[in-house]
Amino acid sequence: MSKPMVQAYLNFNGRCEEAVEFYRTALGAQVDMMLRFQDAPKEGQCPPDEAGNITPNKIMHCSFRIGESTVMASDCRCEGKAGFEGFSLSLTVSTEAEADHYFAALSEGGKVEMPLGKTFFSPRFGVVSDRFGVSWMVVMMHAGQ
């Protein structure tokens with residue numbers, strides 16, 4: 001039996017492409033695949049947006065890499081505001097400069113929940129909800145930790 005893999009799947013409810021572009025800029029994310037509803041083989045699979053408009057250009061599924069991790073995402077049903085509660089994505093870096101850079105980038109248009117600073121377990125740790133409401137824990141870890 002092979003070992004299972006766990007990956008985050010984020011539903012942006014209509015803002016997926018905008019979010020992926022933000023992660024490209026903020027975190028250097030690289031898109032591996034992006035499938036739009038209009039590319040699906042069956043007619044009528046495309047959900048309407050919150051105003052009832054058909055949205056064939058919205059994202060049915062995409063996957064992107066941040067470092068060595070893959071994150072998957074979608075526009076889902078395009079129902080409006082996405083809800084990301086009860087979890088955080090942890091971004092682990094190896095230098096204070098990287099922690100400062102990524103924390104600042106994710107904070108742009110977002111909300112700092114815990115300022116980036118020194119803790120008993122890390123020289124740099126902080127929590128921020130980005131402009132899409134996704135919670136990120138930025139943590140600096142030394143090699144071997």
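**Pocket, sheet and helices of a predicted model**

The largest pocket holds about 410 Å³ of space, where a pocket is, on a 1 Å grid over the protein atoms alone, an open set of points where a 1.4 Å probe fits, with protein on both sides within 12 Å along at least five of seven lines, and where the volume is the space filled by probe spheres set on the points, which are joined across faces, edges and corners. The model is predicted, so that local features need pLDDT of at least 70 and side-chain atom pairs count only at pLDDT 80 or more, whereas totals for chains, interfaces and linings use all residues. Residues are numbered from 1 along each chain as its sequence is written, and side-chain values use heavy atoms, with hydrogens and water left out.

The lining of the largest pocket consists of 17 residues (those with an atom within 4 Å of a point), and Ile 66, Ser 69, Ser 90, Leu 91 and Thr 92 lie nearest the centre of the pocket. Two or more lining residues are given by each of E4, E5 and H2, and the largest share, five residues, comes from E5.

The protein contains two helices and eight strands, taken as DSSP runs numbered from the N terminus (helices H or I, at least four residues; strands E, at least two). Along the sequence these elements follow the pattern β-α-β-β-β-β-α-β-β-β. Of the 145 residues, 40% count as buried, that is, under 20% relative accessible area with a 1.4 Å probe and protein chains only, while exposed means over 50% and partly exposed lies in between. Among contacts (heavy atoms within 4.5 Å) between residues at least 6 apart in sequence, 56% join residues at least 24 apart.

Four strands form an open sheet in the order E1-E4-E3-E2, with mixed pairing, two strands being paired if DSSP finds at least two bridges between them. Strand E1 (9-11) and strand E2 (30-36) stand at the edges and have a single partner strand each, so one side of each is left without a neighbour in the sheet. From one strand to the next the twist averages 15°. Strand E3 (residues 59-66) and strand E4 (residues 69-74) run antiparallel and are joined by five bridges.

Arg 65 belongs to strand E3 and stands opposite Thr 70 in E4. With a relative accessible area of 31%, Arg 65 is partly exposed. When neighbours within four places in sequence are left aside, Arg 65 is in contact with Gly 28, Ala 29, Gln 30, Asp 32 and Thr 70. Arg 65 and Arg 24 are 41 residues apart in sequence, and their C-alpha atoms are 9.4 Å apart in space.

Helix H1 (residues 16-27) lies across E2, E3 and E4 and runs at about 10° to E3, the angle being taken from 0 to 180 degrees between N-to-C directions of axes fitted to C-alpha atoms, for helices over the stretch in contact. Helix H2 (residues 96-107) has twelve residues and reaches 16 Å from its first C-alpha to its last, close to the 16 Å expected at 1.5 Å a residue, where the expected span is 1.5 Å times one less than the number of residues. Within H2, Ala 99, Phe 103, Ala 105, Leu 106 and Ser 107 are buried, and what covers the buried residues of H2 includes H1 and the strands E5 (89-93), E6 (111-117), E7 (125-129) and E8 (135-140).
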